[in-house]
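Here is my note on this model, as numbered points. Please read it with the structure open.

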Amino acid sequence: MSSEVSARRDAKKLVRSPSGLRMVPEHRAFGSPFGLEEPQWVPDKECRRCMQCDAKFDFLTRKHHCRRCGKCFCDRCCSQKVPLRRMCFVDPVRQCAECALVSLKEAEFYDKQLKVLLSGATFLVTFGNSEKPETMICRLSNNQRYLFLDGDSHYEIEIVHISTVQLLTEGFPPGEKDIHAYTSLLGSQPASEGGNARATGMFLQYTVPETEGVTQLKLTAVEDANVGRRQAVAWLVAMHKAAKLLYESRDQ
């Protein structure tokens, strides 16, 4: 990829919306697949009472809109200002109690797991039915739209074309499966995480534009390097979380 194309993908601009300042991609097509669109606010004329506690709005009881869900609340039910990274807000914004809790949980992904994904990790990568894995560095692109795999060759997988993620683990009690199917992004809700199981690898299924069928690859954490393995396991856990956010974005 040329530096010019890369710069175009990563370019951002500052815009002002009714909810606050947002740092968004200069080209909408290069927006993060984990992002959420700003909601339509419930019109003021339809907001006579708080949609949480049913308090009647008047001169003393002002109405406020939650920046995440767009619903109308009184100050008591919508007083928290917390970061809302998935909508690219520069500063913390007003949210109702329920949305604020969700946004605070997501902040951990942006503050921790996303940095791990961007840094990348080394895996043994097996494409399709190939029996010969290739040592490659797998990382998320700066605009969060692609998985880059670099070794003797270079591959780019667009995140939105990933259909299934399965986390490979070890450490389950006897009788339980070795493969922990975290989420099928086009299927049912994610399963709960398993006890003390340790991530060892991951299956990804994805489609390639203008081709038929589904492509599969397997990532396996390298066994013979303690530091590298720890980094790979952290990357798998981060991708585990990213899959859930991607599922939610598609389900919006």
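1. Start with a facing pair of residues. Phe123 stands opposite Met136 in β8. The model is predicted, so bear that in mind for everything below.

2. β7 (residues 121–127) is joined to strand β8 (residues 134–140) by five bridges, and the two run antiparallel. They form a hairpin, with six residues between the strands. Look at Gly128 in the turn: its phi is positive, about 55°.

3. β7 has another partner. Five bridges join β7 to strand β14 (residues 215–221), again antiparallel. Here Leu124 stands opposite Thr220 in β14. β7 is mostly covered, with five of its seven residues buried.

4. Which residues of the largest nonpolar core touch the most other members? They are Phe123, Leu147, Leu149, Ile162, Leu217, Trp235 and Met239, out of 36 residues in this core.

5. The most comes from α3, with ten residues.

6. Leaving aside residues up to four places away in sequence, Leu217 touches Val125, Thr126, Phe127, Gly128, Leu149, Ile157, Met202, Phe203, Leu204 and Tyr206. Gly128, in that list, is the residue with positive phi in the β7–β8 turn.

7. Now the aromatic rings. The count comes to five aromatic pairs. Why is the pair of Phe34 and Phe109 edge-to-face? The ring centres are 5.6 Å apart and the planes stand at 65°, and an angle over 60 degrees counts as edge-to-face. The pair links distant parts of the chain: Phe34 is in the loop between β2 (20–25) and β3 (63–65), Phe109 is in helix α2 (residues 97–119), and 75 residues separate them. Both Phe34 and Phe109 are buried. Ring pairs also bring in Tyr110, which forms a cluster with Phe34 and Phe109.

8. A tilted pair sits elsewhere in the model. Phe127 and Tyr155 lie 4.4 Å centre to centre, with 35° between the planes. Phe127 belongs to strand β7 and Tyr155 to strand β10 (residues 154–158), so the pair ties together parts that are 28 residues apart in sequence. Are these two residues buried or partly exposed? Phe127 counts as buried, at 19% relative accessibility; the cut-off is under 20%. Tyr155 is partly exposed, with a relative accessible area of 33%. Phe127 is also among the residues that Leu217 touches.

9. The charged end of Arg22 sits over the ring of Phe89, at 5.9 Å from the ring centre.

10. Finally, the whole chain. The protein chain has three helices and 14 strands. Of its 252 residues, 41% are buried. Among contacts between residues at least 6 apart in sequence, 50% join residues at least 24 apart. The chain exposes about 14,600 Å², and carbon and sulfur atoms supply 49% of that.

Notes: Residues are numbered from 1 along each chain as its sequence is written. This is a predicted model: local features need pLDDT of at least 70, side-chain atom pairs count only at pLDDT 80 or more; totals for chains, interfaces and linings use all residues. Side-chain values use heavy atoms; hydrogens and water are left out. Rings of Phe, Tyr and Trp (its six-membered ring) pair if their centres lie within 6.5 Å; planes under 30 degrees apart count as stacked, over 60 as edge-to-face and the rest as tilted. Helices (H or I, at least four residues) and strands (E, at least two) are DSSP runs, numbered from the N terminus. Buried means under 20% relative accessible area, exposed over 50%, partly exposed in between (1.4 Å probe, protein chains only). A charge sits over a ring if NZ of Lys or CZ of Arg is within 6 Å of the ring centre and within 35 degrees of the ring normal. Two strands pair if DSSP finds at least two bridges between them. A nonpolar core is a set of buried Ala, Val, Leu, Ile, Met, Phe, Trp, Tyr and Cys residues joined through side-chain atoms within 4.5 Å. Contact means heavy atoms within 4.5 Å. Accessible areas come from the Shrake-Rupley method with a 1.4 Å probe; for residues, only the protein chains shown count as cover.
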